[in-house]
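This report describes one protein chain, shown below.

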Amino acid sequence: MKLSKVFLSLCCAAAMLLGSALPDRSAMKAEAASPVVFQGLTATPFADGAPFKGVDVSSVIALERSGVVYRDVQGNPCDIFHTLAASGVNTVRVRIWNDPYHSASRATYGGGACDVDCAVAIAKRCADAGLAMLLDFHYSDFWADPAKQKAPKAWEHYNHSQKAQAIYEFTANTLQKVAATGVRIAMVQIGNETTGGMCGTMLSDYDWSPDGWQLLGSLWNAGAKAVREFDRNILVAVHFTNPEKAGNYEYYAKMLAQCNVDYDVFASSYYPYWHGTMANLTNVLNGVAKNYQKLVMVAETSWLYTKADADFFPNTISGDGDLGSYVNYAISPEGQTQCIRDVFAAVAAVENGKGIGAFYWEPAWLSVGSSYDENLQKWERDGSGWATQASMEYDPDGKYYGGSSVDNQALFDASGKPLSSLSVFQQIRGSGVTTDLNNLLENPGFEMQHGWTDRPTGWTLHPTAGDHFDVRQEDPYDGACALHWYSETAFSDSTAAAAIQIRNDGAYEFSLHMQGDVTSHYVLTIAVNGTVCDTAEGELAGWNQWLHPSVSANAYSGDQVRIQLRISGGAGSYGSADACTLYCRPIQETTASSTTDTTTTTTTTTTTAPPQLLMGDVDENGVIAIGDVVLLCRFVAEDPFVNVSLQGRAQADLDHDGKPTASDAALILRRLAMLD
């Protein structure tokens, strides 16, 4: 094969990794100008600082068994998990039932047949697509919601302590099976819509007394214990509904606190037809976050794009009379887009970064055939409808025997092709504050005041030419804000500095992104206990030409590290600095040789050598290979499971524009193909 063909093949592979083919991003640009930005998130597992941008596609395996084909925007068959990832989704929520099968015939109960094996199958595909997971344990054999919280058949006659132990063991065993796929489990939900109880323990049976709450609390804690023991980095969520009822969430949060329930996230269902206004949603979630110091999110939401029924089974929301009186959106993909954006915005408005995201419920639950008889046969065989006849064994009062009641609320049309509303997840992003990378700076993106300030949290500013040096929503590298300067007259040595008390021995590396006019001169320093250890300086390269300088120094527990940016400029000088990082790396051991007249002595010293750049070596393994292209493509595509070090990013920047981009991936490909 000729090198030109190799290069073409590699370019095509890189384009697919970057999501340029799945789906067509040109169709997504119309709404991208006004993103919903989550400022200063308290907790996020994603390297780009994004919130949870989730969907619940629990039924997808059963739907595919029934012949449903998911497509890209051009109508070509495509793995739905890759389509979701390319559309901005970063997490998949999956419900888990214990034994959703008839005890004698083993016929499925339906509803997607969502047992542990189904969760494992979805986990494998999430891992392949770079998606995280939220595991939603119902602790039931079938649907659990405010009206139904039945214990699994196998636990039906357990006493309370036996039930708690069973919850612990089922949770622990499932976590091991799912994690074995390599997927990242970001959150575990202990129970589903547990507004009145969980796993057969109902508060109404105890007249909502403290005794009933203590029993229920011990079940939540049994599940939480299994999660904590498995991986303390996994967030633990509890899930309730009816935020529209005055005092409802304050009551639940108070009782959870009184019962010492161990959880991180207070999750709410929010369906606009039933659950109040967006403003009320923000208000009640903010109350929980503020009064009980918990993270909050929306675990389920949706809106319809059509009144039509595609699967010959009645829909939950089918006409104007079902829409309620709280919100008013168009019944169209555009209406879906606006509704989803508003739900995310309502969560993002929770104070102090406690609102962490939202999940759209079953956006891919489509018709499995072209007639009722064909659908019914597949629903019964594969469990791809809401419920089968077999489910009457477990839930004899089930009202929804048959197909999907939400196909008109999907984010895919009846043929499996994405609607324009699926791309709404690309409009949701973080502010650039990343807790997952252990950035030691308190306010690295200057976002914490959400706008103008001359006293940004975590920084000390000293302007030398009046009020020209401050934080504002102007010219950011990432997020909404940046440190900004402009002066009509020349100025010298305006500074921004931060000081950190060191807890761990290590090599500390400080970097930031800067752009501005060519008369702006910068000096970057890092000092340990008052002694400057490293300096970088130079001139900026022009508007929007981002530079990425760094300095480093060794420091030890108890030391104080002080970082400083010093700016000088001529009349009319302007610029901005943003996306600052202070990382701790292991101190490298290097060998140095010294020669005297009589002997040659080799001594080992602890030092950090200046980084030597091997351009194109993104993974820093000393070799430039196709793996560097793949890693860079995933990093540029904001894959939450990929991290490229500061040196790796510098070595990726072949076009020297200050940041790694798709253009750099193409340049590495050219180098590999020996075209340069």
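## Cysteines

C78 counts as buried, at 14% relative accessibility; buried means under 20% relative accessible area, exposed over 50% and partly exposed in between, with a 1.4 Å probe and protein chains only. The model is predicted: local features need pLDDT of at least 70, side-chain atom pairs count only at pLDDT 80 or more, and totals for chains, interfaces and linings use all residues. Residues are numbered from 1 along each chain as its sequence is written, and side-chain values use heavy atoms, with hydrogens and water left out.

A disulfide is a covalent bond between the sulfur atoms of two cysteines. The criterion applied here is a pair of cysteine sulfur atoms within 2.5 Å, and the structure holds 0 disulfides. For C118, the closest cysteine sulfur is that of C114, and the distance of 4.6 Å is too far for a bond. C118 is buried, with a relative accessible area of 7%.

## Overall make-up

The chain has 676 residues, of which 55% are buried. Its secondary structure comes to 13 helices and 25 strands. Helices (H or I, at least four residues) and strands (E, at least two) are DSSP runs, numbered from the N terminus.

Contact means heavy atoms within 4.5 Å. Of the contacts in the chain with a separation of 6 or more, 76% are between residues 24 or more positions apart.

## An open antiparallel sheet

An open sheet is formed by 5 strands in the order β13-β16-β22-β18-β19, with antiparallel pairing. The edges are β13 (460–462) and β19 (531–539); each has a single partner strand, so one side of each is left without a neighbour in the sheet. On average, neighbouring strands of this sheet are turned by 15° against each other, direction ignored. The axes behind such angles are lines fitted to C-alpha atoms, for helices over the stretch in contact, and angles run from 0 to 180 degrees between N-to-C directions.

Two strands pair if DSSP finds at least two bridges between them. Strand β18 (residues 521–528) pairs with β19 in the antiparallel sense over 8 bridges. T525 has T535 in β19 as its bridge partner.

## Aromatic residues

The whole structure contains 37 aromatic pairs. Rings of Phe, Tyr and Trp (its six-membered ring) pair if their centres lie within 6.5 Å; planes under 30 degrees apart count as stacked, over 60 as edge-to-face and the rest as tilted. F240 and Y252 form a stacked pair, because their ring centres are 4.7 Å apart and their planes are at 25°. This pair links distant parts of the chain, 12 residues apart: F240 belongs to strand β8 (residues 235–240) and Y252 to helix α7 (residues 248–258). F240 is buried at 0% relative accessibility, and Y252 is buried at 3%.

One aromatic cluster is formed by W97, Y109, F142, W143, W361, W365, W386 and Y394. K150 lies over the face of Y394, 4.7 Å from the ring centre. K294 lies over the face of Y263, 4.3 Å from the ring centre. A charge sits over a ring if NZ of Lys or CZ of Arg is within 6 Å of the ring centre and within 35 degrees of the ring normal.

## Loop residue T453

T453 is in the loop between β12 (428–430) and β13. With a relative accessible area of 9%, T453 is buried. Leaving aside neighbours within four places in sequence, T453 is in contact with D470 and V471. T453 and R472 are 19 residues apart in sequence, with a C-alpha to C-alpha distance of 6.7 Å.
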